[in-house]
Amino acid sequence: MRGVQLPFSNTQKLRYERALAQLESLSSKVNTNATVIVADTIPVDEDGALKGHGTLDMGKKVVATVCGVVERVNKLVYVRSLRARYKPEIGDIIVGRVIEVAPKRWRLEINFSQDAVLMLSSMNLPDGIQRRRTAIDELNMRTIFVENDVICAEVRGFQHDGSLHLQARSQKYGKLERGRLLTIPPYLVKRRKQHFHHLDQYGVDLILGCNGFIWIGEHVEVKDVMVEDQVNKSDPQNTHSGSLLGSSEELTSTPPETRQYICRIANAITVFAALDFMVTLEGVIEMVNLSLSLNLGVDEMLKAEFHVLVAEKEAERRSTLTKRR
Amino acid sequence: MGSFKRKSQEFSNNEGSIIPPPSKQMKQNGLVDEAVACVHDVSYPEGYIPSAASTLPQQDSKPAKEFPFTLDPFQSEAINCLNNGESVMVSAHTSAGKTVVALYAIAMCLKNNQRVVYTSPIKALSNQKYREFKEEFSDVGLMTGDVTIDPNASCLVMTTEIWRSMQYNGSDVIREVAWVIFDEVHYMRDRERGVVWEESIVMAPKNSRFVFLSATVPNAKEFADWVAKVHQQPCHIVYTDYRPTPLQHYIFPSGGDGLYLVVDEKGKFREDSFQKALNALVPANEGDKKRENGKWQKGLVVGKSGEDSDIFKMVKMIIQRQYDPVICFSFSKRECEFLAMQMAKMDLNNDDEKVNIETIFWSAMDILSDDDKKLPQVSNMLPLLKRGIGVHHSGLLPILKEVIEILFQEGFIKCLFATETFSIGLNMPAKTVVFTNVRKFDGDKFRWISSGEYIQMSGRAGRRGIDERGICILMVDEKLEPPTVKSMLKGSADALNSAFHLSYNMLLNQIRCKDADPKNLLRDSFYQFQADRAIPDLEKQAKILEEERDSIVIEEEDSLERYYSLLEQYKSLKKDVRNIVLSPKYCLPFLQPGRLVCIECTKIDDDVPTFSIKEEVTWGVIINFERVKGLSEDDANKKPEDANYTIDVLTRCIVQKDEVGRKTIKIVPLKNAGEPAVVSLPLSQIDSLSSVRLVIPKDLLPSEVRENTLKKVSEVLNRFSREGMPLLHPEDDMKVQSSTYRKASSKIEALESLFEEHKIATSPLIKEKLKVLHKKKELTGKIRSIKRAMRTSKALAFKDELKARKRVLRRLGYIKSDDVLESKGNVVCLISSADELTLSELMYNGTFEKIKVEELVSLLSCFVWQEKLQDTQKPREELELLFAQLQDTARRVAKVQLESKVQIDVENFVSSFRPDIMEAVYAWAKGSKFYEIMEITQVFEGSLIRAIRRLEEVLQQLIEAAKAVGDEKHEAKFKEAVAKIKRDIVFAASLYL
């Protein structure tokens with residue numbers, strides 16, 4: 001199950017296995033026999049079952065078309081695939097990388113079975129004005145995003161031609177700079193109300209993309225176009241200096257401490273992913289703090305000892321959770 | 001547009017001279033002349049500094065559009081705001097010409113290469129507007145639930161519902177739209193659909209600007225304040241009462257034969273002729289009393305035998321006086337048709353016109369199949385139309401409705417019978433408007449039409465540039481009371497109040513959208529805004545009341561208070577006992593004629609209760625008693641014990657007549673002056689029954705006989721004055737056997753002894769003191785209720801309901817505990833045209849899996865049909881079974897809601913699904929012709945068509961839902977269903993397209 005290949009010492013191995021055993025005992029047994037592989041028959045009620053994703057109605061029987069866990073909601077039967085590519089849902093926050101600037105659109109790699117599309121018209125223009133996109137805007141697309149830029153967006157939905165469209169509803173979406181992109185299996189990111197996190201204590205932004213792309217970068221204040229507009233109107237001189245200030249800010253590089261924090265967070269997430277634990281904000285912060293309190297170097301977080309510590313912590317956390325219930 | 005250039009000079013003159021510069025925060029009246037005056041005001045968001053640029057009118061830039069006529073002040077005022085790039089709310093009468101503002105906004109956007117969205121509340125109106133704009137500007141698209149034309153156009157006309165779902169879907173349009181025009185925004189007060197406007201306005205892109213067009217609303221400023229707050233931008237208000245053609249209001253008394261001018265074109269109310277009109281009312285004869293309960297207006301259509309009906313006389317008179325064309329408004333479809341049938345003898349068109357009408361009619365009907373052309377509604381309509389008489393209501397085939405609109409606009413229809421729907425939307429004025437009825441059924445009961453509705457409908461009177469004045473005729477009958485008429489004619493427009501409510505679709509869409517939160521929507525809603533506004537007012541009230549309360553100082557308050565509470569207790573116990581003893585179950589056998597009863601006197605002052613142990617009572621003789629007939633028919637099934645009774649009692653009364661002729665009767669003690677009279681009393685006004693019975697004379701009509709009887713009563717009373725009147729003993733005589741009775745009566749005894757311990761009771765001023773204390777208590781109660789109101793409005797409105805509804809969603813598995821959508825929730829997000837929870841539960845329970853496509857369509861028809869039909873036959877067994885399944889599901893959904901503390905009436909909810917058109921829709925899906933299915937059901941053609949169109953909308957949403965679930969079989973099934981119902985006359989294209 002958890003194929004971690006690390007140079008464990010004997011005691012570490014023992015501790016690790018104990019933690020795993022504890023976790024095993026805590027996990028629910030409900031779905032254990034519901035796992036299927038491709039072409040397995042799924043037992044369904046005879047009268048009126050809905051056959052959802054990952055199933056195929058073969059007339060007399062229903063078979064699985066992917067490997068995963070059979071889920072039932074009322075009479076709907078579907079297979080939730082494990083360890084597969086990301087499966088988008090409308091409203092998901094994702095992080096992706098631009099791979100092509102095409103007419104009126106950017107193509108993005110988001111770990112889905114096809115490239116995602118971000119239309120020029122699906123994002124606010126840099127000037128914040130509501131208007132139709134012109135040919136000039138199209139020519140200027142490269143001033144917004146170019147290939148290999150990392151972008152954060154929201155899943156808008158599938159178009160009629162089956163392509164996946166993204167959108168950027170507000171200013172907080174868009175290009176991500178001065179940070180680090182991490183890719184982990186998408187199933188380790190749980191869908192939550194909030195995927196943007198500002199870790200104030202480290203001055204770092206953390207975006208847990210639903211597609212398993214995780215962005216850790218220096219914190220940027222989200223500019224509200226409206227506010228800026230008003231400032232613009234009321235005091236034209238001020239804005240001028242303001243924009244100057246902004247550009248000078250860009251010149252200053254990320255301070256080393258922030259860079260360290262970024263790496264620490266990234267390493268904590270890497271460890272979580274290696275151990276196959278869900279990546280949550282709370283867990284990540286706890287592990288970063290643990291590493292700080294133990295005075296571990298950034299690089300030491302990737303060593304065997306820390307893995308074992310994380311596993312033990314996780315086992316401890318989950319057991320307290322179940323006890324509380 | 002070359003011909004307009006000449007006028008541009010005039011226009012810019014207007015701008016310079018007449019119009020005061022906008023955006024000063026004060027009221028400014030247009031200076032031209034009073035009739036055309038408009039009010040201009042601006043709402044700024046808090047902390048907003050008006051920029052210097054916007055105060056200078058941009059003289060240099062050319063107007064985006066010029067009009068071939070001089071603009072009215074309110075129009076140019078509004079256009080000024082548009083030129084400054086600021087939002088505006090235009091509140092004016094329907095006929096005043098608000099469209100000009102919309103046209104200018106569209107022209108401006110097109111010039112700037114921006115997108116503009118125009119939303120209207122009704123599909124038909126969207127079609128008409130699409131055509132109007134398409135003729136003016138070519139780059140126009142249309143999106144309604146039925147059709148989509150050129151969705152990439154710069155100007156998009158759509159229904160507000162479509163705009164709302166576009167915003168949830170994150171359509172590209174919302175990033176490109178610079179101006180959003182909301183037409184008929186006063187629809188926001190609609191109980192069912194109003195919330196869509198609020199959602200749309202709150203969620204609209206923050207950088208766009210708005211044009212709100214509304215009928216006259218007194219609180220336009222409040223609305224603008226709200227927009228300014230929510231969108232952090234200034235919002236102008238341009239308000240005008242101005243009508244291009246002044247109105248005269250007449251009254252036509254029923255049964256009479258003349259018109260009485262009650263409000264002249266200057267808006268003056270003529271008291272004298274109003275009185276004359278009322279005097280001319282022919283009093284209803286006794287036999288007509290049955291006409292109550294809503295059927296009373298039939299007199300209007302039936303008429304007295306042998307005579308022409310009122311409406312016929314009316315139309316004849318209108319034609320004779322050349323007041324045509326005329327629109328006659330009534331409030332039901334059936335009545336509309338019935339009235340039109342009364343006109344059978346009339347012919348208002350000449351032969352030329354008849355030929356024209358026939359040509360127009362048949363060329364419009366050309367798109368129908370031959371079978372459909374033979375529909376009775378189609379073939380019956382033509383002869384009527386040829387005679388210049390039309391009918392317009394929602395029960396007509398949409399295509400007929402449109403033909404009639406066209407014919408009316410062309411002047412071929414001289415007399416149109418229409419329902420209220422004709423009063424909104426496109427400019428279709430007549431010279432005269434007649435209200436055949438002044439009461440309407442609003443879903444629960446009949447009520448007078450409000451002054452706002454009156455204003456809206458009377459707005460159709462008077463054609464600009466043709467008529468000097470418009471004429472409004474109100475047909476009234478004996479039921480109408482003068483104050484009601486006055487407030488209707490002279491009243492102000494209805495206020496724009498929020499009709500916000502939550503729906504599951506809204507919640508799920510809000511939850512799904514990561515940037516939104518249902519709480520934010522609630523906080524930004526107009527409802528919340530209005531509630532917040534009320535707080536300072538409430539605070540003031542509470543303060544005043546508190547001061548008043550504190551100013552009341554009472555000596556020995558403590559002991560007085562104890563005494564007071566004792567009294568209260570005593571009274572309530574007494575009441576309990578009386579209620580038991582005098583329940584019909586026990587007292588019915590003793591209500592024989594002649595029995596002396598003790599009754600309560602009518603209180604002189606209702607507000608101040610008495611504070612002695614003894615209530616003021618008097619005596620009387622029972623003459624008779626009878627059951628109260630309830631309104632509902634199932635009354636007959638009630639047991640005698642449960643029914644209500646009234647008792648006729650002979651006693652001393654003071655009878656007064658007020659000026660209207662209504663009698664008020666006060667019961668007074670026997671010794672007082674007054675006349676002996678028989679009054680009907682409810683059981684609750686009886687204090688006790690005595691064991692004495694008198695022999696009463698048979699004929700009580702002469703007043704001396706009654707006087708004598710009362711004298712006898714006094715005699716009896718005198719005889720028993722020492723030991724008190726012998727009363728029927730509850731347990732011994734009346735056989736009351738109830739443990740509560742025994743408990744209560746023993747408590748009373750205990751209390752009575754307690755009274756004696758109170759020294760304060762003997763104090764001479766006890767009554768006054770108690771009164772003061774009572775007043776103080778009342779004040780405290782008032783303060784408490786005001787404070788409660790304040791607390792609820794300070795707290796987020798709907799907060800508890802939001803919680804409860806989220807609980808429902810969690811229990812049914814639509815969202816997780818941390819407010820993240822489950823896959824089921826994603827499905828419900830897509831369903832907005834029918835009850836989303838019941839529909840998705842049905843789907844998830846696999847109900848649609850087994851059934852045939854026709855059955856599926858038939859089942860879904862229950863979701864879209866809302867009219868209640870009397871005595872329809874039951875659908876066949878398979879369908880009945882399906883319907884039962886639907887009811888089960890609905891009941892389950894309702895129960896979960898109830899358990900989650902959502903306020904809902906389970907049975908009401910279940911019965912909101914109507915099986916009435918299941919058979920018809922089943923037949924339609926089977927491929928029957930339209931005339932065939934019309935034979936199956938009794939419903940109006942237009943209503944059925946609307947239902948089937950909405951059904952198609954639901955099916956389209958279900959296709960999307962099936963896609964989201966991943967079940968291809970369902971998807972295919974829904975698609976097949978769409979293919980089966982989408983054909984022929986039901987989906988015939990609108991003539992406006």
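Two strands are said to pair if DSSP finds at least two bridges between them, and β4(A) is joined to strand β5 (residues 62-64) of chain A by 3 bridges in the antiparallel sense. Within this pairing, V62(A) in β5(A) is the bridge partner of D57(A).

Residues are numbered from 1 along each chain as its sequence is written, while chains are lettered from A and ligands numbered from 1 in the order in which they are written. Because this is a predicted model, local features need pLDDT of at least 70 and side-chain atom pairs count only at pLDDT 80 or more, whereas totals for chains, interfaces and linings use all residues.

## Confidence

The predictor's confidence in each residue is the pLDDT, which runs from 0 to 100. Chain A has an average pLDDT of 79, with 85% of the residues scoring at least 70, but over residues 225-249 of chain A the pLDDT is below 50, and this stretch has 15 contacts in the model beyond near neighbours in sequence. A contact is a pair of residues whose C-beta atoms, placed from the backbone, lie within 7 Å.

For chain B the mean pLDDT is 77, and 84% of its residues reach 70 or more; over residues 1-35 of chain B, however, the pLDDT is below 50, and the stretch has 51 contacts beyond near neighbours in sequence. Residues 630-638 of chain B also stay under 50, with 4 contacts in the model beyond four places in sequence. Where pLDDT is low, the predicted coordinates should not be read in detail. For the complex, the predictor gives an ipTM of 0.82 and a pTM of 0.76.

## Chain A as a whole

Chain A has 8 helices and 17 strands, and 30% of its 325 residues count as buried, a word used when 20 or more other C-beta atoms, placed from the backbone, lie within 10 Å of a residue's own, with exposed meaning 12 or fewer and partly exposed lying in between. The domain assignment, whose bounds come from an automatic or database source, gives domain 1 (36-83), domain 2 (84-176) and domain 3 (178-221 + 253-324) of chain A. The C-alpha centres of domain 1 and domain 3 of chain A are 35 Å apart.

An unreviewed UniProt entry lists residues 89-169 of chain A as "domain: S1 motif"; UniProt positions follow the numbering used here, feature names are shortened, and annotations may be inferred rather than shown by experiment. That span, residues 89-169 of chain A, is 11% helix and 46% strand.

## Two residues with positive phi

Although N111(A) is not a glycine, it has a positive phi of about 70 degrees, and its place is in the loop between β9 (105-109) and β10 (116-123) of chain A. N111(A) is buried, with 22 other C-beta atoms within 10 Å.

In chain B, Q322(B) is likewise not a glycine and has a positive phi of about 55 degrees; Q322(B) is found in the loop between α12 (310-320) and β13 (326-329) of chain B. Q322(B) is exposed, with 8 other C-beta atoms within 10 Å.

I327(B) stands opposite L416(B), while C415(B) is the bridge partner of I389(B). In a regular strand the side chains alternate between the two faces of the sheet.

## Where the chains meet

The contact between the chains takes 42 residues from chain B and 39 residues from chain A. Among the elements that give two or more residues to the side of chain B that touches chain A are β8 (177-182) and α38 (968-981) of chain B.

Definitions and conventions:
Contact = placed C-beta atoms within 7 Å. Helix = DSSP H or I, 4+ residues; strand = E, 2+ residues; numbered from the N terminus.
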